[in-house]
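Colleague: I have a model open and I'd like to learn how to read it. Could you walk me through a few features?

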Amino acid sequence: MDKRTITGKKAKSRMKIMHAAKYLCEKNGIENVTFHDIAKEADVCRTTVFNHFSTTDQLMIALFCQEIEDIDQYCSEINCSGMALIEAVFDKLIEDTAYYPVLTYKIASSTILRGGVEDNSLIYIEKMIAENLPAPYRQQAALYTVATMGAYYGLVNHYHSLNKTFDADQMKEEFHQLLELIFGGREQ
């Protein structure tokens, strides 16, 4: 995740570009969006887009990193820990996934397929899960982390596969049921 702080006019144009890209990618599909389209939607020149992102892959990484930064900020604001924090993080992620289902799926898939730890924002979520597992689950933290991430991916894949409407409230309820299955309904 890029922790550099970008301020002022440059930060505003970067955010405009990222918002435009999210909107267009969801509306038209990632493969059907050009930097020219993004520039037009963001009301900036094409060169400005290239000044911020030299490739589509860089833009997709930046979008996902921004998502993780938003989740991180959300975590610091809600003041909870343990399973409550894990549930809150995935509730936020599911809300964002429901709003941008295709884009979120493609960005996460791209991040996974790219591999490695550099700019892999998914590691942040996995670390947060492992660190907040209740005591009875910490000895097998890696397995419970995989199961929790798998529940999220499985749910999103299920909705995509069946062409279901991405309803955040319904998805959150189903995800909480999956967590109950994973953690055996034991008091956490």
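This is a predicted model: local features need pLDDT of at least 70, side-chain atom pairs count only at pLDDT 80 or more; totals for chains, interfaces and linings use all residues.

Colleague: How do helix 8 and helix 9 pack?

Modeller: Two packed helices are described by the angle between their axes and the distance between the axes. Here, helix 8 (residues 141–161) and helix 9 (residues 168–182) meet at an angle of about 145°, and their axes are 10 Å apart. Their crossing is right-handed. On the helix 8 side, the contact includes Tyr144, Ala147 and Leu155, and helix 9 brings residues including Met171, Phe175 and Leu178. By class, this contact has 12 nonpolar, 2 polar and 1 charged residues.

Colleague: And pockets? What lines the second largest pocket?

Modeller: Rolling a probe the size of a water molecule over the atoms shows where empty space is left. In this model, the second largest pocket has a volume of about 280 Å³. Its lining has 15 residues, with Lys22, Leu63, Glu67, Asp70 and Tyr100 nearest the centre. Helices 1, 4, 5 and 6 each give two or more residues to that lining, and the largest share, 5 residues, is from helix 4.

Colleague: What classes of residue does that lining have?

Modeller: There are 8 nonpolar, 3 polar and 4 charged residues in it.

Colleague: Last one: is Met83 buried or exposed?

Modeller: Met83, which sits in helix 5, has a relative accessible area of 6%, so it counts as buried, the cut-off being under 20%. The C-alpha atoms of Met83 and Asn132 are separated by 6.5 Å, although these residues are 49 residues apart along the chain.

How values were computed:
Residues are numbered from 1 along each chain as its sequence is written. Side-chain values use heavy atoms; hydrogens and water are left out. On a 1 Å grid over the protein atoms alone, a cavity is a set of points where a 1.4 Å probe fits but cannot get out, and a pocket is an open set with protein on both sides within 12 Å along at least five of seven lines; lining residues have an atom within 4 Å of a point. Grid points are joined across faces, edges and corners, and a volume is the space filled by probe spheres set on the points. Helices (H or I, at least four residues) and strands (E, at least two) are DSSP runs, numbered from the N terminus. Ala, Val, Leu, Ile, Met, Phe, Trp, Tyr, Cys and Pro count as nonpolar, Asp, Glu, Lys and Arg as charged, and the others, Gly among them, as polar. Axes are lines fitted to C-alpha atoms, for helices over the stretch in contact, and angles run from 0 to 180 degrees between N-to-C directions. A crossing is left-handed if the near helix is turned anticlockwise from the far one by less than a right angle, and right-handed if clockwise. Contact means heavy atoms within 4.5 Å. Buried means under 20% relative accessible area, exposed over 50%, partly exposed in between (1.4 Å probe, protein chains only).
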